Amino acid sequence: MGMTEKFKVKSSKLKVLKTYAFYASALLLFCSIFILSACSPQKEKVYRKSKILMDTIITVNVVSHSAEDANRAIEQAFSEIKKLDKFLNFFSDKSELSEINRNAGKKPVRVSRDTFEVIEKAIHSSEKTNRAFDITIGPLISLWDFHNKVKPEEKTIRQKIRLVNYKDIILDKNASSVYLNKKGMRIDLGGIAKGYAADKAVAAMKRNGIKSGLVSIAGDIKAFGLKPDGKPWKIGIRNSRPANEDDDIMATIELTDMAISTAGDYERYFIIDNKRYHHILDPKTGYPADKCRSVSIIAKDGFITDSFSTGIFILGAEKGIKLLEDMGIDGIIVDKDGKIHTTKNLRGKIEFTKDQQGRKRNN
Amino acid sequence: MSSPKISRAGREITKGATTADKILLIALIIISVSGFIFIKKAFPEGTDVKIEVNGKPAYLLPLNVDKTVSVKGINGDTIVEIKDRKVRINESPCPNKICMHDGWIQQGALICLPNRVIVTVTGNKDRDNRKIDAISG
């Protein structure tokens, strides 16, 4: 009898223990599902932040395992851009650029390494594009008011165009100084500063140990590394003449370790007597260039894509494609009739949205 | 002497537990898994409307609740309206009104440069993978 009683006690104790074990294992299972369902803090993520700087919207994307690392890199990228904006802003009286412009025809101005370098690179792009891109276009830009739809007088354009020639920029590397040879000359870096800033922002991210990221300064984009899903960054190219709201992207392209910039006649413009007057001025005529609707350039460096998108826009599709292919740079040109031209190397790499298929024509 | 008796008892208990406890276990698994599915469906990511002024967060609002807010920018008030899971800038003190011309959006961003106001709809995770990372032009 004593034997059976002892046995019964043991059995009930075990049963209680057993129930606990089941609850514990269920809890364990619950937790493991939690961990498996992507709540792990070790997983790579894209961290993104936007700010308004350089009179435009800037977005920095960083791929990182930790929010802390990502935020530090993002802030470093923004402070780099902020620094450049302080040097290069055309509209700020305090910028180094304004000081150069104020002293045109008077004296050389000593500038920071960044300012010197961006002007040096701009001159290089002027030479390569046979002066289609020219940063001394400042006096002409100031004549056009796209907001109030003011078209300047022919006479005024002819007067001011004499001040436009990059060869009148005198650089002294040893003194790190810039001198504009003629009184009234003005440098406008609107066609190169954003691409250059994208380069510098990416360099800042890399210095902070970031392996993958993307910075977009308005339409000037530079991407490096791969996204957490192992794919390159996907960039949309804006359609210059969208038929409706859903038609705003002309094509997409996947990029890594590359920059892309687009110049378009749809950004700032007004129309008088059915003629479109837009902000991309031909330095040789003083009037908006009329050979293209939009030009996108893809290359390693943002300062190249930015300045060449403007320069090739002015040169037109025929000369443009030839120059790009000679230089080993890629481009997509939509000419004034809406035909799409691409460099040979890009074929098969761009994905055109459906509506664009009919208009596509390779050179 | 007692060890064979205990092992027999152990077997008996295991035998008894398998029916009831297995049901309990399966029920727990179903509850936990369906709980996840329910949470993901009920609160999908990317239904937030984030409004920033001059780089600083001003509002974080759900996209599925209709609401109109007045955001103080550097030049005045920008009116942001959320309705039927869409958002728009209804009024802005800027000269060009570019932000207002964008109309209603479900994803992406509305930007008023002069007033330093950025309205972003954070995209759904699944949609993000197919989505474009940046636009040139």
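These legends accompany several close-up views of a predicted model. Residues are numbered from 1 along each chain as its sequence is written, and chains are lettered from A and ligands numbered from 1 in the order in which they are written. Local features need pLDDT of at least 70, side-chain atom pairs count only at pLDDT 80 or more, and totals for chains, interfaces and linings use all residues, while side-chain values use heavy atoms, with hydrogens and water left out.

View 1. The largest nonpolar core holds 68 residues, and Ile119(A), Leu189(A) and Val215(A) touch the most other members. Here a nonpolar core is a set of buried Ala, Val, Leu, Ile, Met, Phe, Trp, Tyr and Cys residues joined through side-chain atoms within 4.5 Å; buried is under 20% relative accessible area, exposed is over 50%, and partly exposed lies in between (1.4 Å probe, protein chains only). With eight residues, helix 2 (residues 67-88) of chain A gives the most to this core. Helices (H or I, at least four residues) and strands (E, at least two) are DSSP runs, numbered from the N terminus. Another core, of 20 residues, lies apart from the largest one and includes Val63(A), Leu255(A), Ile298(A) and Ile340(A).

**View 2. The surroundings of Val215(A).** Leaving aside residues up to four places away in sequence, Val215(A) has contacts that include Ile58(A), Val60(A), Ile81(A), Ala198(A), Val202(A) and Met205(A). Contact means heavy atoms within 4.5 Å. Asp220(A) and Lys222(A) are also among the residues that Val215(A) touches.

View 3. Side chains of opposite charge can pair when their charged atoms come close. A salt bridge is a side-chain nitrogen of Lys or Arg within 4 Å of a carboxyl oxygen of Asp or Glu, and the structure holds 19 of them over all chains. Asp69(A) and Arg72(A) pair at 3.6 Å, N to O, and both lie in helix 2, three residues apart, about one turn of the helix. Asp69(A) is partly exposed at 31% relative accessible area, and Arg72(A) is partly exposed at 42%. In the other bridge, the closest N and O atoms of Glu80(A) and Lys83(A) are 3.4 Å apart. Glu80(A) is buried, at 13%, whereas Lys83(A) is partly exposed, at 35%. A network of salt bridges links Glu80(A) and Lys83(A) with Asp114(A), Glu117(A), Lys200(A) and Arg207(A).

View 4. Asp326(A) and Lys322(A) meet through their side chains at 3.1 Å, N to O. Both residues belong to helix 9 (residues 317-327), four residues apart, about one turn of the helix.

**View 5. Leu61(B) in strand 2 of chain B.** Strand 2 (residues 56-62) contains Leu61(B), which is buried at 10% relative accessibility. Its contacts beyond four places in sequence include Val49(B), Ile51(B), Val69(B) and Ile82(B). The C-alpha atoms of Leu61(B) and Ile82(B) are separated by 8.9 Å, with the two residues 21 apart along the chain.

**View 6. Ser32(B) in helix 1 of chain B.** Ser32(B) sits in helix 1 (residues 3-42) and is buried, with a relative accessible area of 4%. Its side chain reaches the backbone oxygen of Ile29(B) at 2.9 Å. This is a polar contact, a pair of N or O atoms within 3.5 Å; within protein, one must be able to donate a hydrogen and the other to accept it, and residues adjacent in sequence count only if both atoms are side-chain atoms.
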